[in-house]
Structure formats: structure tokens, C-alpha cells
Amino acid sequence: MTTVYENGEVQLLPRESGHYIAENSSHVSINGEAVKDLANKIFQSLESNEYSIKQWKQHTLHPKKMIKETVDWIFVVDTLNFSFWSETHEKRYLVEFKGQQYSGYWALCAVINRAIDEGIPITDPSYYSKITDEQMKHIFRSASSTCIPLLEQRKQHLHEAGSILLQKFNGSFANCVQECSHNAQALLKLIVSNFPSYRDVGMYKDKKVSFYKRAQILIADIWACFEGKTFGEFHDIDSLTMFADYRVPQVLNYFGVIRYSDHLTRALHNNEITSHGDPLEVEIRGCSIWAVELIIQEVQKKLKGNGTKFSGPVNSIIVDFYLWDYSKDYWRAMKHIPIHRLRCTYY
């Protein structure tokens with residue numbers, strides 16, 4: 001399946017991109033037996049209610065109210081949702097909020113919530129479309145000696161996104177959601193067509209492929225927060241894929257679902273993948289997408305069996321959330337699994 005944009009550009013959508021990359025990958029392979037094992041582990045967590053869509057709002061820093069303002073909170077967070085990794089655990093960017101320190105993605109959520117508590121209108125595009133260097137430095141101030149990476153790029157993203165919301169969508173991402181009539185693919189196309197910072201694409205061999213990590217997670221976060229209702233109601237939510245970053249591939253590699261060639265393993269240990277679009281990076285991300293699709297197929301087979309008690313949604317979003325949370329809960333066990341450490345604004 002392809003998508004065609006107004007300029008005539010044609011590219012594979014994320015699911016088809018993942019399949020194409022996995023079929024042609026030279027340095028990443030998918031282990032079918034490990035897929036079944038991990039699918040069984042996830043199925044058991046779902047069936048026992050250890051994990052569900054409700055997990056999203058159970059995180060302390062995520063919003064709980066299903067209102068329009070929450071949509072704009074999620075939009076700002078996902079516009080800035082990239083590049084949190086640190087060189088070492090000791091050199092992390094940390095944010096102090098309400099007596100606790102947070103790192104990674106949670107540091108970003110803490111930043112936004114802290115700004116709101118301080119009376120800063122950080123979710124208002126009239127404010128962040130013109131946000132200054134000094135305001136950025138204050139809002140993103142660190143509790144450690146390490147500053148948040150790519151602060152200038154984050155400012156540029158806010159300027160761009162805020163200006164577009166004001167010019168085209170009456171100042172709220174909620175209007176973008178409503179314009180798409182509960183269609184996730186329509187919203188995905190609206191996002192990547194109108195907001196350049198979300199255009200996470202690349203070339204692999206002879207085809208243009210897409211990953212749309214932040215664009216898809218933006219839709220997924222709204223779906224999860226609103227529990228599939230009102231702003232979060234999407235009739236085709238299962239058409240989204242996992243969100244190809246650096247942490248979920250690490251978990252998939254940890255479980256043996258995706259395997260790396262000796263060449264790729266050396267490149268990862270030597271931090272040789274340094275640019276977005278590198279063929280090795282594309283293979284890691286694309287094969288991760290397709291591996292999760294295969295996991296979904298196995299979980300759904302189990303759901304069709306007799307006696308299952310689980311009746312909630314099962315899709316790539318749920319599996320991605322499960323794996324990402326696993327990476328945070330068991331990071332010590334996975335310290336030996338390398339990730340592709342490159343600085344980019346797509347993930």
C-alpha cells in the first residue's frame with residue numbers, strides 16, 4: 001500500500017515499508033520461534049490484565065482528563081518526543097518535578113507539566129510559536145549537569161508546529177483530529193503533509209519508505225488517553241504500526257526476535273551508525289515494524305482459541321507500549337544490548 005501526496009511523491013506506508021525492508025534486509029533477520037515466545041508472553045500479560053490500554057493513563061505524568069486541552073498537551077509532547085538517550089547512565093538529562101527526578105521521555109513530560117504549574121502557557125501555539133532561547137532554557141532546565149539534547153531543534157519544531165496550527169487549524173490540534181472524522185490514516189496523512197518535522201521517511205534500495213514514528217505515536221497517544229472515545233475514536237486504529245525508535249528494537253533484540261549480523265553488531269558497539277537514513281538504521285527500524293506485525297498475528301491466533309478471557313484491543317500500539325515499558329522496567333538486564341545511537345529529531 002502506498003500513499004501519494006500533493007506533489008506527486010509516492011512512498012510505502014509504514015507497514016508495507018516494514019514488510020519490504022524485512023524481505024530484503026541484509027543485516028537484520030527475524031526469528032520465527034522467538035516471535036511465538038514473545039507473543040505468548042504478551043498474550044499472558046493481556047489475559048491476566050497485567051497490561052492493557054489503560055496503562056497509558058496510569059503513568060504518573062500522563063494527563064488523565066479526556067478534554068480538548070489534553071489533545072494539545074499530547075501534540076506538544078510528541079512534537080518534542082525525540083532523542084533522549086545519554087552517553088552513560090550517570091550523564092542523563094534529569095528534570096526535577098514535585099520532589100522526584102525524571103529522565104528520558106518522562107523528563108519531557110515533567111518539563112511540560114512543570115511549565116504548566118508555573119503558569120507558562122506551553123501548550124498554547126500563540127506562545128510556543130514565538131518561544132525564545134531564554135524561555136526554552138528556563139523551561140528545559142536540568143537537575144543534572146547534562147542539558148537536554150537538540151534544544152535548538154526543539155525550539156524550531158515548536159515554532160513550526162505552532163505557526164501551522166495558528167495559520168491552518170485555528171490554534172488547536174484538536175481541530176486536526178476532528179477534521180479527519182475518526183480516520184487514523186486520514187489524520188496520519190494530515191500530520192505528515194502539514195507538519196514537516198513529522199516526515200520520517202527514507203530510501204531503502206529502490207523504494208521510498210516511511211516510518212512516521214512520532215506521527216503515529218501522536219495518534220496512538222490520543223487513542224490511548226481517550227480510551228478510544230471522542231477525540232480518541234478511530235475506526236481504523238489497527239492500521240497503525242509500532243513506533244520505530246531505538247528502545248523497542250533493543251527489546252526485540254534482547255528477546256531474540258530480531259537478530260543482527262556480525263557486521264551490524266560491530267557497527268552498533270562502535271557507534272558507527274550516525275545518520276538518519278543509514279541502510280543499517282533503516283533495516284533495524286523496518287524489521288522491528290515487521291517483527292511486531294508477526295507478533296500481533298501470533299497473539300491474535302491465541303485470542304481466537306477457546307476460553308480466553310481477554311476482550312480488549314490487540315494491535316501494534318498495545319505491543320509497542322508493552323515493549324517500551326519493558327525497556328524502562330528492565331533496563332539493567334538489557335545494558336549489554338546495543339542501540340543505534342544517533343541524534344535525530346524523528347525518534
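1. L342 is placed in the segment after α15 (316-329); helices (H or I, at least four residues) and strands (E, at least two) are DSSP runs, numbered from the N terminus. The model is a predicted one, in which local features need pLDDT of at least 70 and side-chain atom pairs count only at pLDDT 80 or more, while totals for chains, interfaces and linings use all residues. Residues are numbered from 1 along each chain as its sequence is written, and side-chain values use heavy atoms, with hydrogens and water left out.

2. L342 has a relative accessibility of 2% and therefore counts as buried; the cut-offs are under 20% relative accessible area for buried, over 50% for exposed, and partly exposed in between, with a 1.4 Å probe and protein chains only. Apart from residues up to four places away in sequence, L342 touches W85, I273, T274, S275, H276, E281 and Y347, where contact means heavy atoms within 4.5 Å. The C-alpha atoms of L342 and S210 are separated by 18 Å, and these two residues are 132 residues apart along the chain.

3. When residues up to four places away in sequence are not counted, N253 touches I258, R259, Y260 and I337.

4. The loop between α9 (173-179) and α10 (184-194) holds N183, and S181 and H182 also lie there.

5. Is S181 buried or exposed? With a relative accessible area of 52%, S181 is exposed. H182, at 33% relative accessibility, counts as partly exposed, and N183, with a relative accessible area of 31%, is partly exposed. Leaving aside neighbours within four places in sequence, N183 is in contact with F234 and D236.

6. In helix α1 (residues 14-24), the buried residues include P14, S17, G18, Y20 and I21. As background, an α-helix has 3.6 residues a turn, so residues three or four places apart point the same way. The cover over the buried residues of α1 includes β2 (10-12), β6 (201-204), β7 (207-210), α11 and α14 (279-303).

7. Strands β6 and β7 run antiparallel and are joined by four bridges; two strands pair if DSSP finds at least two bridges between them. M203 stands opposite K208 in β7. In β6, G202 and Y204 make up a covered face, whereas V201 and M203 make up an uncovered one. The hairpin of β6 and β7 has two residues between the strands, and K205 takes a positive phi near 55° in it.

8. Strand β4 (residues 94-97) and strand β5 (residues 100-103) also run antiparallel, with four bridges joining them. The bridge partner of F97 is Q100 in β5. These strands form a hairpin with two residues between them, and K98 in the turn has a positive phi of about 50°.

9. How many residues of α11 are buried? The helix is mostly covered, with 13 of its 13 residues buried. The 13 residues of α11 (residues 213-225) should span 18 Å at 1.5 Å a residue, and the end C-alpha atoms are 18 Å apart, which agrees; the expected span is 1.5 Å times one less than the number of residues. Just after α11, E227 takes a positive phi of about 55°.

10. The second largest pocket has a volume of about 340 Å³. Of the 17 residues that line this pocket, L61, P63, W73, N113 and I116 are the closest to its centre. On a 1 Å grid over the protein atoms alone, a pocket is an open set of points where a 1.4 Å probe fits, with protein on both sides within 12 Å along at least five of seven lines, and lining residues have an atom within 4 Å of a point. Grid points are joined across faces, edges and corners, and a volume is the space filled by probe spheres set on the points.

11. Helices α4 (68-79) and α5 (104-117) each supply at least two residues of the lining of the second largest pocket. By class, this lining has seven nonpolar, five polar and five charged residues. Ala, Val, Leu, Ile, Met, Phe, Trp, Tyr, Cys and Pro count as nonpolar, Asp, Glu, Lys and Arg as charged, and the others, Gly among them, as polar.
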